[in-house]
Amino acid sequence: MSPVKSVCFIGAGFVGGPSGAVLALKNPDVEVSVVDLSETRIAAWNSDALPIYEPGLLPVVKEARDAEVRPQNLFFTTDVRGTIKRADIVFICVNTPTKTAGIGAGKAPNMAYFESATRMIAAEAEKDTIIVEKSTVPCRTAANMREILKAIGKPGLNFEILSNPEFLAEGTAVADLMRPDRILIGSMQTPSGLEAAEVLADLYGSWVPKENILKTNIWSSELAKLAANALLAQRISSINALSAICEATGADVGEIAYAAGLDTRIGSRMLQASVGFGGSCFRKDVLNLSYMAETLHLPEVAAYWQSVVAINEWQKSRFTKRIISTLYGTLTGKKIAVYGFSYKKNTADTRESAAISVVKDLIAEQAKVCIYDPQVTKAQIWEELDINGCHIDDVEKYVSIAKNPYDCASESHAVIVLTEWDEFSNKDVVPAKKTGNENPQQLLPSPVASEHSSDNEMEMTPADRSARERYNPKTALKHAEAQNAKVDWEQIFDIMERPAFVFDGRRVIDAGKLQRLGFRVECIGRGNSFQ
Ligand code: NAD
Ligand code: UDX
């Protein structure tokens with residue numbers, strides 16, 4: 001196979017943009033084009049206000065894109081068709097959200113964008129092309145692609161399909177791409193399939209050590225991505241299930257995670273008990289795996305993975321129930337301050353955030369909910385509550401937004417911490433991610449993340465539209481500028497009703513310190529009524 005000259009990434013989202021940029025940076029002789037149907041998104045990628053905020057991403061993009069320090073080899077364009085024609089390798093990085101209607105609604109992935117990209121490649125390619133599944137897809141998607149390519153592709157052309165799933169996490173995308181734990185490449189075990197896998201491995205080989213590049217059969221690779229996310233989510237649901245036992249017995253889930261995590265077979269990461277995992281991937285991918293098991297007539301397997309999501313839902317509602325019972329069984333008319341609405345710290349991304357469920361429950365209890373989040377806008381909170389079934393009249397009646405934590409907490413009966421923003425924590429240590437030696441008691445989810453979207457020309461769901469709104473360069477800049485001061489809890493105590501409660505859904509509060517100020521503190525994974 002002749003050397004790779006031109007590569008195309010379809011989908012300039014969270015995965016396609018950073019992946020294309022790092023590949024271009026590390027392969028200066030290869031022309032890398034990242035294409036999308038959205039003109040505004042592409043315009044943002046061509047500016048200094050990137051459409052997503054990721055630490056360290058702008059310098060990477062600029063170096064490959066701007067031809068200041070070296071020849072330009074990174075291009076962002078809406079010319080999807082023209083770029084496909086030139087490409088030796090096409091990565092499909094389009095969104096695969098959970099279906100919202102039809103068979104499998106709420107569980108199966110919506111493969112419409114992915115199929116549309118495949119059809120476009122088939123229609124436009126004018127030479128032999130390697131097509132790479134980078135989106136997270138169900139196992140055996142490559143078989144469907146093969147049929148489409150065969151039916152539509154120009155006669156005589158050879159299409160090799162590879163699976164090369166992406167494992168980056170929001171907020172650490174650049175670090176994850178620069179130093180991946182592994183690169184996974186799945187191919188058909190034919191001479192041409194294995195040769196295509198070698199070609200892709202060579203591109204990664206320019207910065208990833210050979211021993212970290214794993215080649216498997218294509219079905220294993222497709223399934224490995226779903227497996228990885230399911231196993232990560234399962235750890236969180238496991239520690240959250242244990243957190244309930246801790247609250248009922250006097251054990252402390254931080255100490256449990258620490259003690260268990262010291263066993264090298266278990267390891268310490270992804271064991272931070274919380275009000276529940278959120279984000280665009282875990283729920284979607286676990287449900288995808290569960291649905292796949294269902295369609296393969298493996299109901300026990302489907303139920304097992306479904307339970308990971310069920311525990312997550314239960315953890316969220318369990319937390320609200322604890323708030324209600326602690327506040328003497330009624331929230332009616334009480335002001336409740338909610339600290340944090342994003343699904344993890346350092347991001348304005350609110351998709352699947354635990355805060356959505358908790359706030360919905362508080363509204364149902366007729367509490368006066370006041371939300372403060374350093375990055376999430378009122379419009380986004382309103383839209384998220386709307387998408388998730390809150391009546392907008394109730395939102396207007398019961399929810400307000402505060403510009404700072406003090407206005408938020410003023411005259412409230414309780415502060416509820418739902419996102420682990422550093423400014424809320426009164427603990428002394430702010431942990432870093434991925435040292436490999438984290439103390440699980442101090443472990444916090446990874447820093448800083450961003451937003452996604454899907455405003456392609458296909459039919460858009462409300463969730464898609466909402467995601468589009470999150471692609472806001474202004475918000476991204478706000479992230480970079482944000483240097484919020486720590487909350488002064490003494491001052492907060494002064495302005496709250498008595499008794500003043502804090503409910504910590506993220507374990508960022510040193511309860512002892514707050515109790516000495518006079519607060520009553522309730523923390524995930526720790527009961528208060530034990531000696
Ligand atoms: P995203 O919504 O941020 O971006 C997808 C982009 O694809 C959008 O900009 C959309 O306009 C574009 N698109 C859709 N159809 C298109 C078409 N036919 N032609 C051109 N552009 C098209 O999604 P994302 O977060 O980048 O995720 C992409 C895939 O990667 C998903 O399958 C996701 O599960 C997976 N993934 C995501 C992450 C993450 O952290 N976001 C991590 C690993 C894997
Ligand atoms: C995840 C995977 O980590 C990544 O490999 C994959 O490619 C995409 O999905 P992401 O969703 O961006 O990444 O963030 P992650 O740090 O995994 O956190 C997901 C959710 O779990 C967040 O709500 C976070 O707060 C929560 N979490 C994480 C916990 O509750 N406890 C933990 O120990 C870790």
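A quick definition before the ligand: a helix here is a DSSP run of H or I with at least four residues, and helices are numbered from the N terminus. With that in hand, helix α9, residues 218–249, gives the most to the shell around ligand 2, with 4 residues. Keep in mind that this is a predicted model.

Let me stay with ligand 2. How many residues surround it? The shell around ligand 2 holds 22 residues. The closest are F167, L168, Q272, S274 and R506. By class, the shell splits into 12 nonpolar, 5 polar and 5 charged residues.

At L168, a backbone N or O atom sits 2.6 Å from an oxygen atom of ligand 2. At E170, again a backbone N or O atom, the distance to a ligand 2 oxygen is 2.9 Å. R506 uses its side chain: an N or O atom there is 2.8 Å from an oxygen of ligand 2. How much of the ligand does the protein bury? Alone, ligand 2 exposes 660 Å², and the protein buries 94% of that.

Step back to the whole chain. The protein chain has 20 helices and 14 strands. Of its 531 residues, 56% are buried. The chain exposes about 22,000 Å², with carbon and sulfur atoms supplying 53%. Take the contacts with a separation of 6 or more: 78% of them are between residues 24 or more positions apart.

Next, the cores. The largest nonpolar core has 46 residues. Which members touch the most others? They are V7, L74, I89, F91, I185 and Y204. Helix α8, residues 191–205, supplies the largest share of this core, 7 residues. A second, separate core has 39 residues, including L327, V338, V376 and W382.

Zoom in on I89. Leaving out residues up to four places away in sequence, I89 touches V4, S6, V7, C8, I130, V132, V199 and L203.

On to helix α1, residues 16–26. It is mostly covered, with 10 of its 11 residues buried. Among the buried ones are G16, G17, P18, V22 and L25.

Is R65 buried or exposed? Its relative accessible area is 6%, so R65 is buried, the cut-off being under 20%. What does R65 touch? Beyond four places in sequence, its contacts are W45, N46, S47, D48, L50, Q72, L74 and F76. L74 is also on the list of core residues that touch the most other members.

D263 is in the loop between α10, 253–261, and α11, 282–295.

How far is G156 from E126? Their C-alpha atoms are separated by 9.9 Å, and the two residues are 30 apart along the chain.

That covers the ligand shell, the cores and the loops.

Notes
Residues are numbered from 1 along each chain as its sequence is written. Chains are lettered from A and ligands numbered from 1 in the order in which they are written. This is a predicted model: local features need pLDDT of at least 70, side-chain atom pairs count only at pLDDT 80 or more; totals for chains, interfaces and linings use all residues. Side-chain values use heavy atoms; hydrogens and water are left out. A nonpolar core is a set of buried Ala, Val, Leu, Ile, Met, Phe, Trp, Tyr and Cys residues joined through side-chain atoms within 4.5 Å. Buried means under 20% relative accessible area, exposed over 50%, partly exposed in between (1.4 Å probe, protein chains only). Helices (H or I, at least four residues) and strands (E, at least two) are DSSP runs, numbered from the N terminus. Contact means heavy atoms within 4.5 Å. A residue is near a molecule or strand if one of its heavy atoms lies within 4 Å of it. A polar contact is a pair of N or O atoms within 3.5 Å; within protein, one must be able to donate a hydrogen and the other to accept it, and residues adjacent in sequence count only if both atoms are side-chain atoms. Accessible areas come from the Shrake-Rupley method with a 1.4 Å probe; for residues, only the protein chains shown count as cover. Ala, Val, Leu, Ile, Met, Phe, Trp, Tyr, Cys and Pro count as nonpolar, Asp, Glu, Lys and Arg as charged, and the others, Gly among them, as polar.
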